[in-house]
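Subject: Structure handover

Hi there,

Here is the structure I promised to pass on to you. Please have a look at it first; my notes on what turned up follow below.

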Amino acid sequence: MDTNLVMYQEEFDRITQVLNRLRVDASAKIVFLVDKNGQQIAGAGEIDQVDTTSLASLTAGNVAATDGLAKLIGEKEFSILFHEGRKDNIHISIVGQRLILVVIFDERSSLGLVRLRVRKASAELERILQLMESKAREVGESEQASPFAEITDEDIDALFSE
Amino acid sequence: MSFINYAAREINVKIVYYGPGLGGKTTNLQHIYERSNPKQKGKLISLATETDRTLFFDFLPLDLGSVRGFKTRFHLYTVPGQVFYDASRKLILKGVDGVVFVADSQEVRMDANVESMRNLEVNLTENGYDLKEIPYALQLNKRDLPTAVPVEEMYRVLNFKGEPTFEAVATEGRGVFETLKAVAKQVLYELRRR
């Protein structure tokens with residue numbers, strides 16, 4: 001099984017920086033990053049205009065289904081998915097086998113430009129992801145693994161008090 | 001596989017509702033959606049066929065409040081119950097933190113319950129999990145139906161590790177939150193253990 005994904009402020013800032021730059025470079029409306037299980041990690045652009053939680057979960061479902069299709073025909077993966085709409089388009093790509101980079105853009109950009117910029121940003125994101133994974137492993141081996149190590153039964157009960 | 005985000009101070013966990021077709025998995029989520037505070041819940045997404053059979057999954061994000069300064073966000077998913085959607089079921093179990101098995105109490109569905117539970121075990125194993133280890137709750141749904149099998153018998157057939165078991169009538173909301181709480185608690189305990 002993969003290690004749990006743990007994100008600290010430092011990596012979050014670096015990821016957000018990469019996404020912001022990608023959004024500008026690709027002239028995109030929204031750029032965001034989710035993990036393959038549908039958890040949203042970070043975003044840039046007009047993210048308050050959309051329901052990002054749903055977007056994240058559906059993107060992950062979409063990628064999972066496409067992965068399934070790939071395996072059925074003997075492909076390792078389809079690393080890029082592209083959905084073309086009348087106004088907006090969605091470009092989805094896999095980063096480092098466990099993250100999904102989503103770029104939403106309209107006529108102010110083009111598929112070619114997005115693809116080009118995504119490639120560059122992906123390499124950077126992959127480096128950050130590796131860092132996160134090695135950090136998670138280190139922390140996992142140390143004592144103070146999770147912030148939940150000290151939660152009490154009362155804390156948990158309190159969540160369900162209503 | 002939970003995702004701990006120190007930057008946003010939140011923890012995301014994934015709960016999957018599993019069980020035979022037409023057993024009430026989607027109804028569980030619908031009830032949770034209807035009865036939750038609007039501030040706590042996101043949109044309920046159902047990828048269903050025109051006849052309201054789940055085609056891929058239902059999804060409901062739910063904020064349960066904070067523990068030690070961390071927001072707890074539960075992502076609830078259902079799987080399509082119909083046997084031939086097995087490939088989709090397997091995908092949805094990826095990254096799961098806890099499972100609710102929704103069993104159909106009707107006598108004619110007992111075989112389907114058993115088959116679905118075996119299928120759950122196989123699909124968990126293929127995703128690298130063990131049904132005996134994972135946070136898990138059993139729900140005996142449709143207790144209001146006249147053909148419902150006695151609870152003791154269902155317990156004997158379906159309960160395999162003394163997991164928390166709840167009688168439910170999901171259409172009326174009976175037992176729905178109790179089941180969710182039971183599995184959510186186990187997930188949080190699991191986080192503490194790690």
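Helices (H or I, at least four residues) and strands (E, at least two) are DSSP runs, numbered from the N terminus. Please keep in mind that this is a predicted model, in which local features need pLDDT of at least 70, side-chain atom pairs count only at pLDDT 80 or more, and totals for chains, interfaces and linings use all residues. Residues are numbered from 1 along each chain as its sequence is written, while chains are lettered from A and ligands numbered from 1 in the order in which they are written.

**Chain A**

Chain A has four helices and six strands, in the order β-α-β-β-α-β-β-β-α-α from the N terminus. Its C-alpha trace spans about 55 × 40 × 30 Å along the principal axes. Of its 162 residues, 37% are buried (20 or more other C-beta atoms within 10 Å of a residue's own; exposed means 12 or fewer, partly exposed in between, with C-beta atoms placed from the backbone).

Five of its seven residues are buried. On one side, strand E4 (residues 80-84) of chain A runs antiparallel to E5(A) through five bridges, with A:Ile80 opposite A:Ser93. A hairpin of four linking residues connects E4(A) to E5(A). E5(A) also pairs with strand E6 (residues 99-105) of chain A, antiparallel over seven bridges, and here A:Ile94 faces A:Ile100. This second hairpin has three residues between its strands, and A:Gly96 in the turn has a positive phi of about 55 degrees.

**Where the chains meet**

The contact (C-beta atoms, placed from the backbone, within 7 Å) takes 33 residues from chain A and 34 residues from chain B. On the chain A side, strand E1 (5-7), helix H1 (9-25), helix H2 (52-72) and helix H4 (153-159) each supply at least two residues, and the largest share, eight residues, comes from H2(A). E1(A) and strand E1 (residues 3-5) of chain B run parallel, joined by three bridges, and A:Val6 stands opposite B:Ile4.

Leaving aside residues up to four places away in sequence, A:Leu125 touches A:Ile15, A:Val18, A:Leu33, A:Val95, A:Leu99 and A:Leu101.

**A helix in chain B**

Which residues of H3(B) are buried? They are B:Asn113, B:Ser116, B:Met117, B:Leu120, B:Asn123 and B:Leu124. These residues lie on the same side of H3(B), because they cover an arc of only 130 degrees around the axis (taken from the directions from the helix axis to the C-beta atoms). The face turned away from that side carries the exposed residues B:Asp111, B:Arg118, B:Thr125 and B:Glu126. Among the elements covering the buried residues are strand E2 (10-18) and helix H2 (86-92) of chain B. Just after H3(B), B:Gly128 takes a positive phi of about 90 degrees.

Definitions and conventions
Contact = placed C-beta atoms within 7 Å. Pairing = 2+ DSSP bridges.
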